[in-house]
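Please open the structure in your viewer and keep the selection tool at hand. The tour moves from one selection to the next and says what to look for at each stop.

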Amino acid sequence: MKNLVILANKYPNFIEPNVNVFTQQVAWALLDNEINITVICPNPLNYCKDNKLLPYYSIESNESGKKLEIYRPRYFGLGQDRNFMQKLCVDITTKMYIKAVDSVLKKMCLDDAVILAEFICPSGVAASLLGKKYNINSYMQVGEATYQGDKKYGNIKLRKKLESLCGVIALSGYIRDYIINANIFEKNKIVIIPSGYRKNRIYKRDKNIARDKFNLPRDKFIVGFCGSFDDRKGILRLEKAIDSIDDQNIVLAACGKGELMPTSKKLVWNGPINHEELGWFYSAIDVFAFPTFFEGCCTAIVEAIACGCPIITSDRSFNYEICDKNNSILIEPSDIEAMKNAILEIKNDKNRQEEMSKSSLKKAKNLSLDIKAKKMIDFMK
């Protein structure tokens, strides 16, 4: 495999620099393995008027100076989330997406090439059908927090559409299980490779220097959160738990954006941070708390682990590849009291806090994108 074509639904750009950074970071890690990378990310013009400003073709360099090509062929879609006639809308959108991808593929040299889709709909379907058309191997990486295939296609129809894929990379056992339970792909062709972090971007820094960078107080116990401000990820549940603690030294730093804005008087940071700065954010906090209901495999948790954070998160199977009793406290994500007690347990026991931090750093050694990329390449070969 010398050439890898990555099919994406979204990819970071100057309009949305923080959208689907996970896909970009995986592409950069694969690029470091002397593989030529081409990203095809069809651009739906009817969903954002600013999309017309995105170039059809561009070149991007990773932090090692290696370059990949990005194509953004334009198309019009009907969306994937409408309740009325959803399957029809998804089917039409998928066909238009495939047509846009194919307009690029037919101009490319596909010798010794492989297609990798991020994620099921519509890119996974496109990878399967176009891989068959061009007689090249195709794979799909699946990271969706919840399975929507039955609503969007129907399981029987989706299994047929995906039958030409050579394999599936699931980010967690939870994802593998919902693929198997939906009977859309064979178990023996699924491998679990969790999310990863880029070592030259995400690593532990000096805590005081990191706090000064964001004007965070040096003398407080900072609980950090990083993700969309929505009910699924639990920002307001975390805020409620922190507000219920009668200790003004325990404060919240919330990195992200969304409809459910935290407003606590204990809030010391509130807003988005560009991905290249996140290593500093994770290094500034004392514990990373993420009471999410559903994830594929949370990259934010992996990145916090890489910076030595103790973790408080959900006792759910999507976390079991990255969290254990040594580096985390797993709780019911709707249990405010359990969240409060976990925060206090870590705050009031410095030895426990230090041991959890060491355990996170130890676990991080096997969660780098370097390792993930090599596992992905071995699987696709």
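**From a strand pair to a helix**

Begin by selecting T313, whose bridge partner in β16 is L330. This is a predicted model, in which local features need pLDDT of at least 70 and side-chain atom pairs count only at pLDDT 80 or more, while totals for chains, interfaces and linings use all residues. Residues are numbered from 1 along each chain as its sequence is written, and side-chain values use heavy atoms, with hydrogens and water left out.

Now widen the selection to β15 (residues 311–314), which runs parallel to β16 and is joined to it by four bridges. Strands here are DSSP runs of E with at least two residues, helices are runs of H or I with at least four, and both are numbered from the N terminus; two strands pair if DSSP finds at least two bridges between them. Strands of a sheet pair through backbone hydrogen bonds, either parallel or antiparallel.

Next, show the whole open sheet, whose six strands follow the order β13-β12-β11-β14-β15-β16 with parallel pairing. Its edge strands, β13 (267–271) and β16 (328–331), each pair on one side only.

Finally, select helix α11 (residues 336–347): which of its residues are buried? They are I336, M339, K340, A342, I343 and I346, where buried means under 20% relative accessible area, computed with a 1.4 Å probe on protein chains only. These residues cover an arc of only 160° around the axis, which puts them on the same side of α11; the arc is that of the directions from the helix axis to the C-beta atoms.

Definitions and conventions: Buried < 20%, exposed > 50% of the residue type's maximum accessible area, 1.4 Å probe, protein only.
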